[in-house]
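This walk-through takes a sheet, a loop residue and a cavity in turn. Please keep the sequence and the model open while reading.

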Amino acid sequence: MRRFTHTFPQRISAFLLCLALLVALLPTTAFALDGDNTIMLGTSGIKDPTAEGNTYYTPNSYIYFGVNESEPIKWRVLDADKANNGTTSGMFLLSEYLLGDTQFDDSSNVWQGSDAQKWCTDFASNSSNFSTAEQSAMQGIAKEDSSETLYSVPWGASSLTEQDKMFFLSARELTDYVGDYDGAPGLSATDTEQIAGYWWLRSPYAYLTSYAGLVIDIGDVYFRNVPYDWAARPAFNLNLNSVLFTSAAEGGKSTAAASGGNQGGVGADAIFEINDTDTNEWKLTLLDDNHKNFSISDAKKENNTVSFSYNNAQTGTNEYISVVIEDKGEITHYGRILKLDDTTNGANGRASLALPEGVTLDENTKLYVFNEQYNGDKMTDYASLLWEFDTTAPTLSNGSATRTGETTATVKFISDEAGEYFYEVVESGTTAPTINTAGTGTSCASGENTISLTSLSGAGAKDIYIVAKDAVGNVSSSLKITIPAIYTLTVNLNGGSGSTADGEYTEGTAVPIDAGSRSNYRFAGWTSSNGGSFASASSASTTFTMPAADTTITANWQYDSPYIPPSKPNWTSVARKLANAQPGDTVTVKMNGETEVPGEVWETIAGRDVTVILDMGGNVSWTVEGNDVPTATHFADMDFGVDRNTTGIDVDVINAITGEVSSVQITLAHDGEFGFALTLTAPLGRENAGRWANLYHYNEDAESLSYETSGEIQEDGTASLKMTHASQYAIVIDEKSHQLPFTDVTSGTWYEGAVRYAYLHDIMEGMSATTFQPNGTLSRAMAVQIFYNLEGQPDISDENLGYPYEDVNAEEWYGDAVYWARLTGVATGYGDGTFHPSASITRQEFAQMLYNYAKHKGYDLTAAGDLSTFPDSGSVADWAEAAMSWANGNQLINGHDDGTIDAAGIGTRAQAASILMRFDQNLVKN
């Protein structure tokens with residue numbers, strides 16, 4: 001919010017810059033002579049003769065600026081917004097009358113150093129003609145006029161420098177701003193306000209450089225020998241940034257009729273409403289260094305009266321404290337409210353004024369105060385920066401309240417302005433109070449403020465309403481902050497040694513609690529009598545979140561009887577029991593932490609219909625069927641320890657075979673073959689009941705997994721998996737069993753893992769429910785179906801498929817896949833309109849389809865292998881060379897054992913499964 005502080009000069013400068021920008025951005029075609037205010041910001045009311053449809057003659061506007069022989073000089077506006085060499089905006093002005101006479105140098109009419117230039121320099125710098133502020137407002141320019149030809153009359157170039165604040169027109173400027181040189185305005189010598197009827201230009205005649213341009217009284221342009229004395233009609237650029245106001249040259253700042261001419265008093269008649277005018281003659285109010293130190297402070301507004309202190313004002317003849325009222329960017333009122341004459345009112349003092357009837361200061365209506373030298377009609381006035389009277393109320397935000405007790409709370413809020421704040425506390429939900437700001441409030445900082453409340457009544461929620469008043473008296477809107485209710489927490493430690501005590505807290509407060517310990521008891525959890533929540537009710541040290549109610553929390557304890565270690569198995573007794581077991585009997589051995597089993601146990605049940613269960617604890621057990629144990633075999637002692645959730649297998653190895661599904665790693669203490677089959681039962685979580693546990697054995701040397709068996713997870717969360725050797729295993733939990741249904745896929749073959757991957761990931765299916773035909777040839781129909789599967793079998797029912805292939809039946813199992821392949825460019829038919837779905841596909845044809853599919857998906861196609869390393873590289877067809885090189889570079893298609901690439905060889909289903917597994921893992925997953 002804006003304030004009267006030492007930062008004002010910067011803020012006011014920004015305001016004036018905005019005014020200058022406003023003037024610069026106003027469209028020149030929008031200016032009208034009729035209906036303009038008698039006082040306007042900047043030069044926004046000046047008609048621009050350069051606007052479309054305007055000429056030098058109509059419409060025209062004039063500025064009074066400076067004096068000549070004690071008379072105000074009248075200047076014609078040639079350009080209301082002329083850029084100075086592409087930079088500073090200015091107003092281009094030409095003297096309406098001839099102001100003197102001069103001549104160019106005898107030897108040459110070059111402008112620089114000429115008598116004409118000297119006349120302009122002397123005239124512009126003469127303090128009798130122009131004040132210091134007016135001279136500063138003359139904008140020096142730097143311009144090199146180009147040579148030009150006007151109606152076959154050649155004119156040379158004439159240069160200006162930044163020191164040329166006043167100059168004569170060039171032939172080009174005469175043409176640009178006045179029109180045809182034959183129509184240039186000549187001035188009649190009979191006009192008593194003129195000195196002569198012939199006036200100089202600054203452009204030289206190109207062929208006779210001692211001749212200069214001249215406009216004669218009938219408007220023709222000639223060139224004349226330089227010794228003649230002809231009239232001076234100067235021009236200059238006015239710096240628009242120097243102009244504070246433009247007012248009507250006559251009566252623009254006259255007093256209102258109701259004031260009786262007395263604008264030195266204080267009252268409503270000191271400020272008058274500005275009328276409209278149809279004048280085209282204006283005067284200026286310029287920013288002046290003599291007034292630059294003026295400032296105001298301690299501004300007040302009471303009812304309709306505004307008062308303020310002022311400092312460093314200029315005093316003396318014609319010096320005033322003046323004001324303007326601006327409404328939505330336009331000045332509506334003006335007045336000189338205090339005359340500064342060094343006797344009654346000095347450079348420092350206090351002034352006041354009554355706002356005109358009907359004027360209310362708000363965000364759209366602003367009051368500006370300035371120090372002004374008012375010099376009368378047609379005479380330039382001078383003023384200080386505009387100081388804005390603050391009319392914007394403070395804004396309050398970011399309110400928060402912390403309840404610290406039944407009677408205490410801390411409230412915080414942010415104000416964007418300093419001053420005073422006032423507040424009132426009421427029961428939450430009741431009508432907002434009216435806050436009296438007439439007295440003295442609490443000091444309010446610009447920024448965060450804190451209110452400490454110490455006398456709240458009752459534990460219920462409260463609403464606090466806060467307003468702030470700035471130094472001028474502007475009052476903010478009310479900020480409502482709810483102070484939460486406070487509730488009592490009673491803590492029953494129930495014999496525990498903790499130090500948590502009772503307290504009062506608001507809803508949602510997380511209270512640290514600690515039950516401590518209790519001799520011969522173990523902690524059995526927290527309970528609450530009336531809501532709330534515990535971060536961990538089973539932990540003695542945790543946090544409790546308060547409900548919106550009084551409550552009691554209780555620490556519960558359970559008596560612990562002395563610990564008696566479990567007894568280890570008596571293997572002699574176990575061996576005797578097994579020896580006496582009858583066929584079909586099951587003997588369970590509780591291991592009680594023991595993991596080693598003597599070899600004699602297995603020798604006792606070898607070949608018999610007796611079952612042994614080793615209960616390892618924690619729902620882990622081993623089951624051995626005596627019939628699986630070979631007879632006449634000596635067994636050594638074996639360690640049956642099981643470590644669950646180990647991390648010895650790289651997760652990427654698991655994902656490469658099974659995909660990204662849940663898995664559990666286990667490591668067995670025993671290493672190597674058991675010598676017989678046995679079943680491990682392990683807990684995998686009740687949440688997985690109904691799913692399948694798939695056991696994979698980890699080969700540490702090859703860093704690979706091989707499938708062992710599968711078991712369905714039971715309701716208690718356990719699964720039983722049969723194995724014959726011990727090492728590291730991964731149990732992959734999936735919705736289906738990883739047991740292949742195909743009787744022709746032999747365990748341990750090079751393609752077994754690839755077939756399982758393709759089958760589990762729905763990339764390839766079997767040729768029947770029980771056969772895969774790994775060595776069977778791959779047909780073109782199978783190939784496109786594989787890629788269609790890899791894509792997820794997208795719906796193409798909305799496509800206009802037509803019937804492009806005469807040998808493809810759309811109702812066949814491969815029908816959608818063939819059409820999808822044609823649409824995506826994965827595979828197309830032959831030139832005779834056929835597709836040959838049953839034809840065997842070669843390795844290079846399959847590579848081309850694979851390459852086409854990767855291109856369709858936007859995968860990386862840059863990898864390339866060196867086909868020349870294969871002895872039969874010449875067998876690769878030209879059309880397939882890029883695809884085969886790419887497939888080899890990505891290790892999708894490699895050579896046979898004999899080193900050949902076999903590009904034209906018939907691809908098998910096993911090869912396809914292997915290629916597709918690597919493609920899915922190396923390109924699709926990445």
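Strand β29 (residues 409-415) is joined to β32 by 7 bridges, and the two run antiparallel. Strands here are DSSP runs of E of at least two residues, helices are runs of H or I of at least four, both numbered from the N terminus, and two strands pair if DSSP finds at least two bridges between them. S415 stands opposite G447 in β32. The model is predicted, so local features need pLDDT of at least 70 and side-chain atom pairs pLDDT 80 or more, while totals for chains, interfaces and linings use all residues. Residues are numbered from 1 along each chain as its sequence is written, and side-chain values use heavy atoms, without hydrogens or water.

The open sheet has 3 strands in the order β28-β29-β32, with antiparallel pairing. Its edge strands, β28 (396-403) and β32 (447-453), each pair on one side only.

D470 lies in the loop between β33 (462-469) and β34 (479-483). D470 is buried, with a relative accessible area of 3%; buried means under 20%, exposed over 50% and partly exposed in between, using a 1.4 Å probe and protein chains only. The D470 side chain reaches the backbone nitrogen of G473 at 2.9 Å and that of N474 at 2.8 Å.

The second largest cavity is lined by L778, R843, F846, G907, T908, Q911, A912 and I915. A cavity is a set of points on a 1 Å grid over the protein atoms alone where a 1.4 Å probe fits but cannot get out, and lining residues have an atom within 4 Å of a point. Helix α13 gives the largest share of this lining, 3 residues.

Note on methods
Polar contact = N/O pair within 3.5 Å; in protein donor to acceptor, adjacent residues only side chain to side chain. 1 Å grid on protein atoms, 1.4 Å probe; cavity = no way out; pocket = protein on both sides within 12 Å on 5 of 7 lines; lining within 4 Å.
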